[in-house]
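Good morning, and thank you for coming.

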Amino acid sequence: MNSLTPASLQELVSCLSDYDPQALPVAQAQKIIQEFVTPIHAVEKLALRQALGRVLAEDIISAINVPAHDNSAMDGYALRSSCLPASGDLILKIIGTAYAGRAFAGTVALGECVRIMTGAVMPEQCDTVIPQELTANASESQVTIPFGKVKKGDNRRFKGEDLALGKIALSKGKILRPAELGLLASLGVAEVPVQRRLRVAFFSTGDELRSLGDPLEEGCVYDSNRYTLYGMLERLGCEMLDMGVIKDDPVSLKAAFQSACENADAIITSGGVSVGAADYTKQIMSELGDVAFWTIGMRPGRPMAFGKIHSNGSSAYLFGLPGNPVAVMVTFYFFARNALLHMMGATSPVLTLVPAKSLAPIRKRAGRTEYQRGILSIASDGSLQVAITGSQGSGILRSMSEANCMVVLHDDQGNIAAGDKVEVLLFEGLI
């Protein structure tokens, strides 16, 4: 669905002197993918409440100052700081009240103050607010300001302090969350330009797979990968085309790839890219476009295909993920997810890893990246600690369900001793 990229995938990888598709480091694969994919360019306008989770297509310029006037951050008394004495308490005369939405219109002289509510416009002569709970002996006509309880400028919010007229309030590429909806509403923005939803087709391959509701013959398994992919794509806000299970048949596979290519921006498959897969699966991917097949230095999820395929004038990026359930999730999060966000036009930060203490030894072979499922907890001293969920086989999906984080063990790391620091990726907000 996207226009062709300026350079082919093969041209891109040919620039890498140490490129080895049979032993590709994780970081190099991520870099290739990120440089090859390009954002979609299609914009629609949505009412503010419909824009949650969408990607902003244009910068939003503030047409007003927020707040529109200097105002009070507290319920209390607005006063002139020049009245504050060098020592001793101060007694001020109360000459009126300023309410939010109804300003005090008079003049405040030295020795006077105005009772003021949170959000009310500051009287012109006043520059300081003392909270009412810090005052003493308040009556209808006067109030005592105890010495040292307030200083010049306290509890005053300035005009344009949140957003200034003519400044960028939100930048293009921002994913609109609840806070952004509120910010846009504060500017009076009722409609917002957003990127159209990214269209992603996905299917599983394998004669042994059965969809839910089908009878489960001996040697067959229910297809779980489409459901984890559905959940991960739903979290990203994609428009999805679930194409079901495609048998290991060259005619069916080619038709599925072509249909997906003609109806989606990206295609995600699970299975069919490992060493033992039928040759025609890889052959069909290669026939339809510019596809690289990699053995990535990682565990789980070593085999992966990536590229761009074409059919009847349309094109789509292809992510051929492994078939094992945990490997599907790992390769999606560490390779496909950021690429899809980039295609959506989102300026998303890289996945944030946080340090934690390993509660037990972890066996690790240097020279590859490993992703182990962990349970992160808080120690009695407030520090973070992590324990592995148990067996880390790439087919044990239960380990992902039990975990609340992924322990990321980098290429250069070897065995981990109990008490060593490791880095973890939190699942909250991701899975």
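**Salt bridges, a cavity and some backbone details**

The structure holds 14 salt bridges. Please bear in mind throughout that this is a predicted model.

Let me begin within a helix. The side chains of Lys 31 and Glu 35 form a salt bridge, with an N to O distance of 2.5 Å. Both residues belong to helix α2, which covers residues 26–36, and they are 4 residues apart, about one turn of the helix. Is Lys 31 buried or exposed, or does it fall in between? Its relative accessible area is 46%, so Lys 31 counts as partly exposed, a class that lies between 20% and 50%. Glu 35 is likewise partly exposed, at 45% relative accessibility.

The second pair is Arg 54 and Glu 44, whose side chains meet in a salt bridge at 2.3 Å, N to O. This pair links distant parts of the chain, 10 residues apart: Glu 44 is in strand β1, while Arg 54 is in the loop between β1 (43–47) and β2 (60–61). Arg 54 has a relative accessible area of 7%; this is under 20%, and therefore Arg 54 is buried. Glu 44, at 32%, is partly exposed.

A further salt bridge joins Arg 226 to Asp 223, with the closest N and O atoms 2.9 Å apart. Both Arg 226 and Asp 223 are buried.

How many cavities of 30 Å³ or more are counted? The count is 1, and the largest cavity has a volume of about 50 Å³. Arg 54 is one of its lining residues, which also include Gly 53, Val 55, Arg 196 and Met 344. By class, the lining comprises 4 nonpolar, 3 polar and 3 charged residues.

On the surface, Leu 212, Leu 216, Tyr 222 and Tyr 227 form a nonpolar patch, with about 400 Å² of accessible area together. Leu 216 is located in the loop between β13 (209–210) and β14 (221–222), and it is partly exposed, with a relative accessible area of 42%.

By contrast, Gly 307, in strand β19 (residues 303–311), is buried at 0% relative accessibility. The C-alpha atoms of Gly 307 and Phe 319 are 7.0 Å apart in space, and the two residues are 12 apart in sequence.

I turn finally to the backbone. Most residues other than glycine have a negative phi, and most peptide bonds are trans. Where do we find cis peptide bonds here? One runs from Val 66 to Pro 67, with omega near -5°; Pro 67 lies in the loop between β2 and β3 (71–72). Another joins Arg 299 and Pro 300, with omega about 0°, and Pro 300 is in the loop between β18 (298–299) and β19.

Two asparagines have a positive phi. For Asn 137, phi is near 55°; this residue lies in the loop between β7 (128–131) and β8 (142–145) and is exposed, at 64% relative accessible area. For Asn 312, phi is about 50°; its place is the loop between β19 and β20 (314–321), and it is exposed at 69%.

Thank you for your attention.

Notes
Residues are numbered from 1 along each chain as its sequence is written. This is a predicted model: local features need pLDDT of at least 70, side-chain atom pairs count only at pLDDT 80 or more; totals for chains, interfaces and linings use all residues. Side-chain values use heavy atoms; hydrogens and water are left out. On a 1 Å grid over the protein atoms alone, a cavity is a set of points where a 1.4 Å probe fits but cannot get out, and a pocket is an open set with protein on both sides within 12 Å along at least five of seven lines; lining residues have an atom within 4 Å of a point. Grid points are joined across faces, edges and corners, and a volume is the space filled by probe spheres set on the points. Ala, Val, Leu, Ile, Met, Phe, Trp, Tyr, Cys and Pro count as nonpolar, Asp, Glu, Lys and Arg as charged, and the others, Gly among them, as polar. Patches are made of residues with over 30% relative accessible area and no salt bridge: like charges are joined within 9 Å, nonpolar side chains (Val, Leu, Ile, Met, Phe, Trp, Tyr) within 5 Å. Accessible areas come from the Shrake-Rupley method with a 1.4 Å probe; for residues, only the protein chains shown count as cover. A salt bridge is a side-chain nitrogen of Lys or Arg within 4 Å of a carboxyl oxygen of Asp or Glu. Helices (H or I, at least four residues) and strands (E, at least two) are DSSP runs, numbered from the N terminus. Buried means under 20% relative accessible area, exposed over 50%, partly exposed in between (1.4 Å probe, protein chains only).
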